[in-house]
Amino acid sequence: MSLLSIENLKAGYKIKDNIVNAVNDVSLKVDKNEFLGIVGESGCGKSTLAFSILKLLTPPGTIFSGDIWFKGKNIRTMSEEEMQKIRWNEISIVFQSSMNCLNPVKKIREQMLDVIIYHKANYEEITNEEKIKNALELVNVSPKYLEAYPHQLSGGMKQRIVIAMSLLLQPDLVIMDEPTTALDVVVQRKILQDLESLRKKLGFSVIFITHYFSLLIEISDSIAVMYAGTIVEKAPSYKIFSKPLHPYSSGLINSFPPLTGKRERRRGIPGNPPDLSVKIKGCPFFERCPNRIEKLCNEVNPPLIELESDHIVKCHLFNGGRFRNG
Amino acid sequence: MKFLSIFFSNKKALCGFIILLIFIIIAIFAPFISPYSTTSKSFLPLERPSREHILGTDAMGQDIFSQVVWGTRLSLSIGILTGAITTIIALVIGLIAGYFGGVIDNILMLITNTILVIPGLPLMIVIASYFPIRGTGIIILVISLTGWAWGARVLRSQVLSLKERDFVFSSKMLGENSFHIIFVDILPNMLGIIFANFFGATVSAVLSEAGLEFLGLGDVNAVSWGTILFWAQNNMALYLGAWQWIFVPGLLISLLGLSFALMNFGVDEIVNPKLRSGGENL
Amino acid sequence: MAKDQIEATFTQNIDDERKSIIKVENLTKIFKIGRFKKRLVHAVTDVSFQINSGEILALVGESGCGKTTIARVIGRLYEPTAGHIYLYDKEIPKKMKREQLFEYRKHVQMIFQDPFAAMNPLHTIEFILQRPLKLHKMTSRNKVKDKIMELLDMCGLPQNEEFLKRYPHELSGGQLQRVVIARALAVGPNLVLADEPTSMLDVSIRLEIMNLMLDLKEKENISYLFITHDLAGAHYMSERIAVMYAGYIVEIGNSDEIIDRPLHPYTQLLKEAAPKPETGLKPERIDIGGEVPDLSRLPKGCPFRVRCNYSLSKCSEEFPKMYKIGEEHQVRCYLYEEK
């Protein structure tokens, strides 16, 4: 059984009479100890998806339909008290701007203690002080920084502390939404390195959301590509890199010029992402797709096709090119 | 314009605006609203409020209600005019100090900080009392010359932050001169905070004006709420039981100040989009 | 100084192909900050490089290494503290007169990281593009509209009235960045200082903007100083790369060579940290600790020595000079002293 199973999730925003379908029928599975990457550009719905999993959407944001199964229980039917027990304890979340969300007038120690006390994780084996020291050690931050205020710390340090806080209660799943994007490349790489060692040591799953495709390939087990609110392809990371099936996936990978190898011109993806408040008939990538099939792709919603047990793609091209009526 | 709709959607700002509007209407239509002339002394002095004299009469036998209505004109106009002049002085100094920096900034800030340190009202009292003439012009002068310092600091820091923005750098890169950058790039992007400053300065001006007049440093023969208070105090109104003579002008002064303070909330919403209500942004 | 004399100072011989457009020598910029202006921030120290006609030099480094400051000093938004800048091989005075600076702006322009911050939000696109044309009298009055349409065409923007009447916030990031480029091109510069022009754009748009810049280089013979923190982007755009650390250039040379055989330990670190899935290899483990130093508290000697695995004793005494390895490749590191 998967740790997390999202089934046909639809979520978005209701502004007056306008409905924005930010998450448009997403189905995903995350196994125990799996590192799943979700890649997509801004406005593709990935942040809404992250918020939805923990039911953190506030009006006008809301989940329209679908189910979210976590350890066999349906999150959608849980009450707010039950959700509070799950948040931070079993599923935690780290945002890009998390380091800016640290309370500027409280010391780090206090903020970490707040997490433990609020989520009532006072298990008696070790003291709270030891818990937070251990957490900092996990992310290679010296315990002396417990006495510091956020403004005294560098960006990389703050983000490490935020990651430590997300692991304080030893959750089974950590969702990370662009956690290292604002940091320099060396700092980023080191944090991700340490995160990987931690995963091996503690055993937790990660959903890592970012636009940085080439980085994601190196750190994830599998990758789901998100476009206009849907998952258009999902496969093991190196497979999606060497043989991307969906035209958007290959276009997106192409937008990252390789570091090594011959210098040559590459083509990106022309056009702009679609407006999610407008209901789109057929495939949302139609306008920009170099391989589009007229009268099919813009009329019929592409089916989700399972090519191998670990490779799915949502595209007419892999349907044997068969026309589907209606 | 979009900004007007944001402003009026804020309930506090709407409230403040309505109060101000009422005062403006009273001021414009004073000749029609006021039952008697302010100078007719033909009534019995210190009458209690009655149907003929809604607020009673003062110690000289003049109708208080008429004075209050006519007084709206002066109190309103002096307050707003002084607020405007103070803001303009603050703006000019803030722009010059903030944009040019260096020695000019140091000198201007030294002057500004010195004025800030000196307590406002006592300073105004001292300056006003040393002037050989008394009058509304003096009051306007004194208040604006002492009240610009705080605004200058605020506006200067706004200029300092705008100066480092990329669109100012790009104007410089294109070869624009300082005049253009200050008036076309920086100033229009400061309008919100300039208005906020204006409203704040007006509140302060209304109260300072009332204070100076109360002390008799204005033209005591002019009719404004402050001078009404001066005469009331001098004639021991409370002791004589004519509490409404003091209370009503005092209340109106506070209301006028309040109206501008409330409207400032509306300006805040315009200046800082994050404060806007209405589910506009996500 | 008469106007034509000033222009003559900055005129370039168009026949000369490998003509130097900009050359900086020992450029240094120190900022004085703090209440009593006591703290010194060594933003740029002893930087030297040259950019020739139709060439792109990438300046790569992490945040706080001084790369934006270099662009601003060359763009004369800041004055250099020391060193020399040459435009078309003629030296620019340290303090420029207003007319000289105005003339200089025709030759050296800048494009910025955040297109929304680089535009006055209260101006229409037409006004934005008109301004440099009118200011520098690039065409006669009745030809301004035509020139604007030409610029729109050059930068892949819609050439219609409706577009010109829009405001910056009504455009997408990619479109607005094209307007930023069009505005810079309006005065016909030979050098464009591009300060991280793609970092704030969507991924699929980045390549388009980079390709636009490459097209303009080929068609209009424009040189660029391309500033970025992304080594892969630098490799894609430019023939030559300069690597910056703590205000110094630590390595400079041919783009392919720097990526294939990075010499300076910092360049090696950047390469190790950068994603390279095309190699099919698992990323190597980085063991170097520490972070980029505070530019107001630089240690004595080489600023990288604190983090360097190969540091020698002399690294803490004196800062190394640039050592030449081969034709075009230079490194600032004692490891290469005797080569």
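Student: Which residue of strand 10 of chain A stands opposite Ile223(A)?

Tutor: Ala235(A) does. Keep in mind that this is a predicted model, where local features need pLDDT of at least 70, side-chain atom pairs count only at pLDDT 80 or more, and totals for chains, interfaces and linings use all residues. Residues are numbered from 1 along each chain as its sequence is written, with chains lettered from A and ligands numbered from 1 in the order in which they are written.

Student: What makes strand 9 and strand 10 of chain A a pair?

Tutor: Two strands pair if DSSP finds at least two bridges between them. Strands 9 and 10 (residues 230-236) of chain A have six, in the antiparallel sense, so they qualify. Strands themselves are DSSP runs (E, at least two residues), as are helices (H or I, at least four), numbered from the N terminus.

Student: How do you know that strand 9 of chain A is largely enclosed by the rest of the structure?

Tutor: Six of its six residues, 222-227, are buried.

Student: Why is helix 6 of chain B called oblique to helix 7 of chain B?

Tutor: They pack at about 140°, with axes 10 Å apart. Under 35 degrees is roughly parallel, over 145 roughly antiparallel, 65 to 115 roughly perpendicular and the rest oblique, so helix 6 of chain B is oblique to helix 7 of chain B.

How values were computed: A residue is buried if 20 or more other C-beta atoms lie within 10 Å of its own, exposed if 12 or fewer, and partly exposed in between; C-beta atoms are placed from the backbone. Axes are lines fitted to C-alpha atoms, for helices over the stretch in contact, and angles run from 0 to 180 degrees between N-to-C directions.
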